[in-house]
Every structure is written in structure tokens, then in C-alpha cells.
Amino acid sequence: MQHKLKHFFAFTIFNFLLVSSIQAQENSPYSRFGIGDLDNAVTTQQKSFGGLGAAVQQRNRINTANPASYASIGLTTFEPGIFFQRSSYTLGDSTYQSNDASINHFAFAFPLKENWGLSFGLLPFSRSNYHFENTGTDTETGLTVNQIFKGDGDLYKVFIGSGYKVGNLSFGLQGNLIFGRYNRIKKLAFPGTPFMLNSRKLTANKFSVFKWEAGLQYNLPLSETQRIVFGVSGNTAQKMNITQDEVWQRFTFVENRRVNIVDTISISTGNTLESNIPAGFQLGASYYMGSTFMVGAEFSWSNWENFDDVLTQNAYNDVYRVSFGLEYTPEMPNLEQILRQGQETGGAGNYFQRVSYRLGGYFGSQGLTIDGEELNEFGITFGLGLPMRSFFNRINLGLEVGSRGANTDNLFNETFVKGYLGLTLNDRWFIRREFN
């Protein structure tokens, strides 16, 4: 176990060093609205087969999308992961690119007893990272004016949940503390006009909300090696508290566009705003053939039409997504025998027979509406689970290629490629072994 912990901590340090060197670059202009770009908050392997989670039930991997799945955890499991993103944005004849990187997940799970498991960790909830400018003419003075919009920040979800299984039915409950901070700057500048003072508004928003989630999974055996899992999970609407600080300033530009503050018009601190996290659910079904093959589909929905956007006053429709995916591992050892006896079987054949191959896709609406146009998205996903020294310990690689928006008067067309890197580290803590 000490050797595995070294892998885990080395990977964790590598994550933070690598992400911190990249994540300050611009992200999507759509993330300026509301509470930013929402994340479906699942692990690298789940991202690789379309983001499925409602009916995913595996003994040696963490499914962060449905707490009922924790009841099936048979091995103590660490799962850290990061992602990288390269995006291209098109508006009219103009195109620009951006890069991004961040933490994708840190999760830990272990069995408390037979049919009873616990999981906790850290997941992204939403991200905001943008920087763009509009140039126009001031209607009162006739002068050229630049509007500059810039913002960054993250909301994270710390979770702890437990699942319990009775017969073929599993149920689970999870508590989530969502917290974070967004910084936003809006500048009004008059280039080449020294007698006009520029102005800017700096806003810092701190978020906090506690959200409950509940889930169910039903395992329907078809034969000794085949089964179908049905799953559903969801949450009720929750009040979200926002603490806001605002500063209005006037300034001039100096060398290298550095800002020289002339005066401060107003300072307002500790303002309290109230918004909400809408109710939502996801339901799905997955077909399993032993431990070698899984294919599934699911539908998710959230009531974002009732989201109170107190920050940007934008309109929303309900969010929905249809996802589908599969995973195939040609040669998979008998996990139940490992849990009973601590003996790993299989894994002596061709390396590529022991690799997990993943494929998936999704389409839907992100709910954001800009001047009456809805922001839709679609994507396809791929991934590999590369076995390490121990068969169940894996390096997980994922790739997601997708698009959202459209090249119209009101919307950008965003195409993106996301890469995911994660680890699955298993051990047999708390498990009683049988000996002949």
C-alpha cells in the first residue's frame, strides 16, 4: 500500500504544478453569464464513455454521479484526475483560440461492510474564465469607446456520501458543500482621448450552498454473467448565498496598458445576494456482460428556467442532456475471487487484451439563452484504461471533442477538444480474506 500511496501523492503534486502553470489563460466567453460553465462532475473514465453515471455500478471504481453506487464498492479506491482544454471560437469571420486546464476530480471510496460503502472528495461545480473586448462609438460624445470584460474563478463541490444495498436494490445519500469565488472586471475606456477618464467596476462574489443528493439503483440479473442496472438520482432546489464586494474607480492607462488609479468613486462591501441551485434528476440504464462489457444510456434534466440570475440578469431555459456510452475490456480477472481470497487472477496475457476501451457521446441544451437563442451542445468521447503493475490499478486517458453555440449575430460557435488524465488506485483495506 505504501508504494501505491507514493503514486497517489506524486500524481497529486504533479496535478497542482501542471494545472497552476496553465489555468490562468482565457476560457469561454459564455462563462461570464450566471455562475459560469457547469461541469457534470464525473471521473475520467466516466467522461470517456459519455459522462454516464445514473446506472453505472462497478466494484472497483467510484461513480460520483449517483450515491447509490457506493454500496457496490468492493475495494478501497483513490481516483485523482485533471483535464486540459483547447477551444476555438468563431464569430462572423473572426476566430481565436484559448487553452485551459484544471482539476477534474479527487475522490476516495471504501467499503464499510458488505453492501455498504462510503465516498468523499472534491469535484468541480462550475468555472468562469473569460477576457474579451467590444469597440463602438459613445452616443453622447461620438468618441470611440472600448468595453472590456474580464473574469475568473471556480466553484467546487466537497462531497461525502454513503450507499447501502438490500437484495438487488441500492440506495444512497450525499451531502455537497458548494463554495468558491468569482472576480469580475468591467472597464469603459476611451483610447487616444487623454481628456476622458476611463472607468472600471471590480466585483468579487463569494458563493456558498449546501445541497443534498439522493439516488437509487436496481440490479436485474439476466443470467450468471449478464445483468441490467437501472438508476436514478436527483436533488431538490437549494438556496444559494452570495456575498459581494464592489469597487468603482476612474483610471488612466500608462506604459504597457498598466492602470493608474485617479480616484475611487465608491466602495461597497459585504452585500448579500440570494440565488438558487435548481432541482434536477438523471435516470438511465446499463447492460453488463460480466466484467468485460458495459453499454448504457441516460437522460438528465435540471430546472434552470427557475434559476434566479442575480449577477448577470440573463434568461435561462431548462438544461437537459442525453448521454450514451460503452466500455470493453477483453480480459478482466475475477474481482469477486479477489475480494474473497486476495488472489488476483488473469492479467497474464497480451497487454492490449487487458486495456479498457471506452466510447460515448452526448447532446443537449446548456440552458443559457442569449437574445432568444438557446445554447446547445454535442460531443463524442473516447478513452483508455491502461493497467498498471496491479491489474485493477489504471492510468485513465480520455478525449472529448465537441461543439456548442452557433455562428450567428448573437452567439459564438465554440469547438473544443478536452483531454483527461486520471488514476484508479485500488487496495483491500477493511476486507476480510478467506483461506482454504
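This predicted model contains 13 salt bridges. Side chains of opposite charge can pair when their charged atoms come close. The points below cover some of these pairs and then strand β2.

**Salt bridges of Arg-127**
- Arg-127 pairs with Asp-100 in a salt bridge whose closest N and O atoms are 2.3 Å apart. Because Arg-127 belongs to strand β4 (residues 116-137) and Asp-100 to strand β3, this pair ties together parts that are 27 residues apart in sequence.
- Arg-127 has 8% relative accessibility and therefore counts as buried, the cut-off being under 20%. Asp-100, at 3%, counts as buried too.
- Arg-127 also forms a salt bridge with Asp-154, with 2.8 Å between the closest N and O atoms. Asp-154 lies in strand β5 (residues 144-166), so its pairing with Arg-127 in β4 links parts 27 residues apart in sequence.

**Other salt bridges**
- Glu-213 and Lys-211 form a salt bridge, and their closest N and O atoms are 3.9 Å apart. Glu-213 is buried at a relative accessible area of 10%, and Lys-211 is buried at 6%.

**Strand β2 and its neighbours**
- β2 pairs with strand β18 (residues 413-427) in the antiparallel sense over 13 bridges. Ser-87 has Phe-416 as its bridge partner in β18.
- β2 also pairs with strand β3 (residues 94-113), again antiparallel, over 15 bridges. Thr-77 has Ala-109 as its bridge partner in β3.
- The hairpin of β2 and β3 has 2 residues between the strands, and Gly-92 in this hairpin takes a positive phi near 65°.

Note on methods
Residues are numbered from 1 along each chain as its sequence is written. This is a predicted model: local features need pLDDT of at least 70, side-chain atom pairs count only at pLDDT 80 or more; totals for chains, interfaces and linings use all residues. Side-chain values use heavy atoms; hydrogens and water are left out. Two strands pair if DSSP finds at least two bridges between them. Helices (H or I, at least four residues) and strands (E, at least two) are DSSP runs, numbered from the N terminus. A salt bridge is a side-chain nitrogen of Lys or Arg within 4 Å of a carboxyl oxygen of Asp or Glu. Buried means under 20% relative accessible area, exposed over 50%, partly exposed in between (1.4 Å probe, protein chains only).
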